[in-house]
Amino acid sequence: MSRTRGAWNTKGTWIAGVALAAVLGLTGYALLGGDGDGDAGAPAKGEVGPSVTSTASPQATYAAPADWTEPERWTALPRGERRDDQGSTVGFPQTTEGAVAMMAAANNSSVEGSKSSVSEQMRVYRSYLGKSDQSAQNLEAIKLSAQNTDKTLATEMGVTPGQPLPSGAYARSTVVGYKVIKASPGEVSVWLLARVVQKNGETAKESGSYTRTLIAAQWEGGDWKLTSAATVRAQQDAKAAGQPAIVAPGDAAFNAAGWTAIREAS
């Protein structure tokens, strides 16, 4: 697999790059030059570390089983206290679950209608990235990569880049589970498990895959923020702990891998 960052569908094409793990590639991850578990070289199939515009790569060979096995661990993540001026949910509690809730919010994304990868990336960058990682250089690089994502997505969906996507078309990422790597009151690192789907129009068939993303946050200014410093430490901790298998909730292997499923908060 090439080092181009992006979320990938089951056909192997690049869909919307929408995770905030993306932003951190401009600092700690890019300097390390490694993949999601801290090793040097190209990302392993089925996972990716923090990158410029995306969540993760899919487990291309994974197929969800027909029989449902109830997840052993479920969590209803806490809601943020408010929405900021970008429309993002913020103000999460200073707990492990609060950190996971922020990281899930940063990785739940949708590109459809008038919402583009650029608009999503800018929103997430401004709402969830730590101040030390915000810079004009980083912002420009993220915007350029997101523009390329939008061009690719438009081409796949049969429209001219810059035009609205076809009716009924979308690219979405939804976090469905997590596994804590390390947690303290000031820093939490996790693996996120997400379902990434793409539909190219009203009558098109939806394609999808599951992704695994390494991500970390620090408590900063009264809320959780993603930082490259935390991500670098998470890479080292994840290397020692190993990677959970990419499996859907309902698969017996989901429990064996140590994932916790996410319920909608009431």
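Is W219 buried, exposed or partly exposed? W219 counts as partly exposed, because its relative accessibility is 28%, where buried means under 20% relative accessible area, exposed means over 50%, and partly exposed lies in between (1.4 Å probe, protein chains only). The structure is a predicted model, in which local features need pLDDT of at least 70 and side-chain atom pairs count only at pLDDT 80 or more, while totals for chains, interfaces and linings use all residues. Residues are numbered from 1 along each chain as its sequence is written, and side-chain values use heavy atoms, with hydrogens and water left out.

**The chain as a whole**

- The protein chain holds 6 helices and 9 strands, where helices (H or I, at least four residues) and strands (E, at least two) are DSSP runs numbered from the N terminus.
- Of the 266 residues of the protein chain, 52% count as buried.
- The accessible surface of the chain comes to about 11200 Å², with 51% of that area belonging to carbon and sulfur atoms; such areas come from the Shrake-Rupley method with a 1.4 Å probe, and for residues only the protein chains shown count as cover.
- When contacts (heavy atoms within 4.5 Å) are taken between residues at least 6 apart in sequence, 68% of them join residues at least 24 apart.

**Helix 2**

- Helix 2, residues 96–107, has 12 residues and reaches 17 Å from its first C-alpha to its last, close to the 16 Å expected at 1.5 Å a residue; the expected span is 1.5 Å times one less than the number of residues.
- Because 10 of its 12 residues are buried, helix 2 is largely enclosed by the rest of the structure.
- The buried residues of helix 2 include G98, M102, M103 and N107, and what covers the buried residues includes helix 3, strand 5 (170–184) and strand 7 (207–220).

**Helix 3**

- The end C-alpha atoms of helix 3 are 16 Å apart, which agrees with the 16 Å that its 12 residues should span at 1.5 Å a residue.
- At the start of helix 3, a side-chain oxygen of S116 reaches to within 3.3 Å of the backbone nitrogen of V118.

**Helix 4**

- The 21 residues of helix 4 should span 30 Å at 1.5 Å a residue, and its end C-alpha atoms are 30 Å apart, which agrees.
- Buried residues of helix 4 include N138, I142, S145 and T149, and the buried residues of this helix pack against strand 4, helix 3, strand 5 and strand 6.
- An α-helix has 3.6 residues a turn, so residues three or four places apart point the same way.
- Just after helix 4, G158 takes a positive phi of about 80°.

**Aromatic rings and charges**

- W224 counts as buried, because its relative accessibility is 0%.
- R263 lies over the face of W74 at 4.0 Å from the ring centre, and R195 lies over the face of Y210 at 5.1 Å from the ring centre; a charge sits over a ring if NZ of Lys or CZ of Arg is within 6 Å of the ring centre and within 35 degrees of the ring normal.

**Three individual residues**

- S189 is found in strand 6 (residues 187–199) and is buried, with a relative accessible area of 5%; leaving aside neighbours within four places in sequence, S189 is in contact with V180, I181, K182, I215, A216 and A234.
- G186 lies in the loop between strand 5 and strand 6 and counts as partly exposed at 34% relative accessibility; not counting residues up to four places away in sequence, G186 touches A217, Q218, W219 and W224.
- Q243, in the loop between helix 5 (228–241) and helix 6 (252–256), counts as partly exposed at 32% relative accessibility.
- The side chains of Q243 and R212 are joined by a polar contact of 3.3 Å, a polar contact being a pair of N or O atoms within 3.5 Å; within protein, one must be able to donate a hydrogen and the other to accept it, and residues adjacent in sequence count only if both atoms are side-chain atoms.
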